[in-house]
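Biologist: Hi! Could you walk me through the aromatic rings in this one?

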Amino acid sequence: MMNSLELSGIDAVVLAGGLGTRLRSVVADRQKAFATVGSEPFAARIFRQLRRAGVRRIVFALGHLADSAAPVLDQWRCERGPQILSSVEPTPLGTGGALRHALPLLESTSVLVMNGDSFVDADLAALLATHRAARAAITLGAVQVTDVSRYGALEFDRDGRYVSAFREKQDAGGCGWINAGIYLLEHEVIAAIPAGRPVSLEREVFPAYTDGRIAVRCESRPFIDIGTPETYAAGAKFFAHVA
């Protein structure tokens, strides 16, 4: 069984630069990943999850309202744990473009990438084990939800080991497996993303690897994202029971 030491050679990127357009009616003064949920910033749960996993370096990929994250990151830098770095995109670059922009700060061969506005208490060591066993270019964490219509759904190969397709929101419905916003990517995958322009991981990068190069680890665990006022409001209750 793997332990946190297995992730000590892994760099992580937290994607926390989105515009948060749907949340502006309730969170207008800060980056949504750093909005207060319960008694602390939402991203604090992600930070602790990565620290528990033994990740050695965390790069926060920032953009919109990046300055609002600075006091929180400065506090975490004063604590024992991972090295905390920031990568601030000069213009909105999307999830893939922001990750590519952070590449000069990344040293590990495999990189753990996490969306800053969603959370699932995934087994990160097991995700890494799946990635290594499959020798995949990308390994994606998946969670099951009762209604996939808000997220889009994943389709798997016959053995359920690889992602074969990403179904769009308008084509999906009912119970199913969704992208949990947690990935392992090989360094060369990130390097191949075009630099200096907006790129979407979900719509542009990942679909190009559905020929058997995206391994998947499925976990039935509670999941939340704070992309809407309704889910943001539900965050405090969620974490009271989960973390």
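Biologist: How many aromatic pairs does the structure hold?
Modeller: There are 10 aromatic pairs. Rings of Phe, Tyr and Trp (its six-membered ring) pair if their centres lie within 6.5 Å; planes under 30 degrees apart are stacked, over 60 edge-to-face, and the rest tilted. One of the pairs is Phe34 with Phe60, tilted, at 5.9 Å centre to centre and 55° between the planes.

Biologist: Where do Phe34 and Phe60 sit in the chain?
Modeller: Phe34 is in the loop between strand S1 (11-16) and strand S2 (36-37), and Phe60 is in strand S4 (residues 57-62), so to speak distant parts, 26 residues apart.
Modeller: The model is predicted: local features need pLDDT of at least 70, side-chain atom pairs count only at pLDDT 80 or more, and totals for chains, interfaces and linings use all residues. Residues are numbered from 1 along each chain as its sequence is written, and side-chain values use heavy atoms, leaving out hydrogens and water.

Biologist: Thanks! Are Phe34 and Phe60 buried or exposed?
Modeller: Both Phe34 and Phe60 are buried (under 20% relative accessible area; exposed is over 50%, partly exposed in between, with a 1.4 Å probe and protein chains only).

Biologist: And why is the pair of Phe60 and Trp76 called tilted?
Modeller: Because the ring centres of Phe60 and Trp76 are 5.8 Å apart and the planes lie at 40°. Trp76 is in helix H2 (residues 70-77), 16 residues from Phe60.

Biologist: Which residues form the aromatic cluster?
Modeller: Phe34, Phe47, Phe60 and Trp76 form one cluster.

Note on methods:
Helix = DSSP H or I, 4+ residues; strand = E, 2+ residues; numbered from the N terminus.
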